[in-house]
Amino acid sequence: TECVSGCVCPEGLYDDGRGGCVEQKDCPCIHNNELYSSGDKIKVDCNSCTCQKGVWKCTEDVCYGTCMIYGSGHYNTFDGKFYDFDGSCEYVAIQDFCGDKNSSGSFSIITENVPCGTTGVTCSKAIKMFLGKTELKLENKEYKEIQRDVGDDVQYWNRTVGLYLVIEASNGVMLIWDKKTTVFIKLSPDYKGKVCGLCGNFDDKANNDFTTRSGLQETNPLHFGNSWKQSPMCPDVTQEIKPCDLKPHRKSWAEKECSIIQSEVFKICHSKVNPLPFYEACVHDACSCDSGGDCECFCSAVAAYAQECIKAEACVFWRTPDICPIFCDYYN
């Protein structure tokens with residue numbers, strides 16, 4: 001509209017976004033709104049990327065997928081779809097018995113959900129993991145093994161890592177449990193597109209994750225979730241529970257506590273992992289856990305966001321003696 005004084009780079013040089021002019025080979029790259037100099041390396045999932053002349057050059061390894069189930073009915077599928085489902089029953093979290101009835105599978109993981117509070121929301125109380133003819137039941141902070149008559153032998157190893165119990169099987173399935181209400185399921189890339197259940201189908205597309213047991217595409221998480229219940233005797237979930245509306249006196253406390261997720265404490269992570277769904281899930285949980293364990297629900301919700309931050313290489317020190325302390329000496 002008018003002449004504005006300003007400077008441009010001389011011919012052959014490029015604006016580097018930091019107020020300087022550089023040759024093309026020294027152009028920086030941008031990742032999550034941050035500038036990286038030429039030659040800098042970052043990790044994206046299991047791949048490493050190098051900045052070259054303003055463009056990221058990445059390795060193309062195929063990575064393990066992770067599904068997270070935590071708190072009162074929050075699911076984050078292998079393909080990154082976030083949704084809530086509160087059903088009191090046993091549900092198929094993930095299995096490779098999909099498609100036709102004769103298809104042979106090697107594993108299935110079932111989550112048993114029970115009410116956790118008086119509002120009707122549910123938390124994962126126990127997990128059953130079927131590996132060939134071995135059944136593992138994880139409940140009450142420990143696991144027990146049950147041998148069945150049918151199925152193949154699938155080897156597995158277990159170990160405790162800090163707060164978590166880790167079970168790793170030879171068929172590329174790993175389960176990480178915090179002995180409370182958080183479960184991470186990791187699958188090797190061989191299972192891409194070959195699994196089904198509440199964790200989705202692991203085909204790198206989030207829009208078809210709501211595939212029901214009968215193979216139909218759903219848009220409603222309740223219809224999708226109901227299709228994966230183990231027993232037809234369990235009632236269907238018909239409405240989404242909004243615990244903060246049912247317990248309005250807890251809402252302001254929940255929002256105040258959970259605001260840590262959107263605060264300066266997690267600032268380094270905000271550009272890497274969207275905090276909003278985790279904040280909303282935290283408020284939901286802090287309102288709903290009203291029969292004891294309300295701090296545990298809040299801590300699990302914040303820890304779920306912190307875990308995603310660590311995966312995105314944003315290390316956050318959020319626990320304090322007042323907020324969800326952990327006695328590291330005891331666990332080490």
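What share of the 332 residues of the protein chain count as buried? The share is 45%, where buried means under 20% relative accessible area, with a 1.4 Å probe and protein chains only. The model is predicted: local features need pLDDT of at least 70, side-chain atom pairs count only at pLDDT 80 or more, and totals for chains, interfaces and linings use all residues. Residues are numbered from 1 along each chain as its sequence is written, and side-chain values use heavy atoms, with hydrogens and water left out.

The C-alpha trace of the protein chain spans about 75 × 50 × 50 Å along its principal axes. The chain holds 7 helices and 19 strands. These are DSSP runs numbered from the N terminus, helices being H or I of at least four residues and strands E of at least two. Three stretches are assigned as domains: domain 1 (13-58), domain 2 (65-227) and domain 3 (243-312). The bounds come from an automatic or database domain assignment. Between domain 1 and domain 3, the C-alpha centres lie 33 Å apart.

Helix 3 (residues 248-258) and helix 5 (residues 276-288) have axes that come within 8 Å and cross at roughly 140°. Axes are lines fitted to C-alpha atoms over the stretch in contact, and angles run from 0 to 180 degrees between N-to-C directions. Helix 3 and helix 5 are therefore oblique to each other. Helix 3 contributes R250, K251, W253, A254, E255 and C258 to the contact, and helix 5 contributes Y279, C282, V283, A286 and C287. Contact means heavy atoms within 4.5 Å.

Methods. Parallel < 35°, antiparallel > 145°, perpendicular 65-115°, else oblique. Buried < 20%, exposed > 50% of the residue type's maximum accessible area, 1.4 Å probe, protein only.
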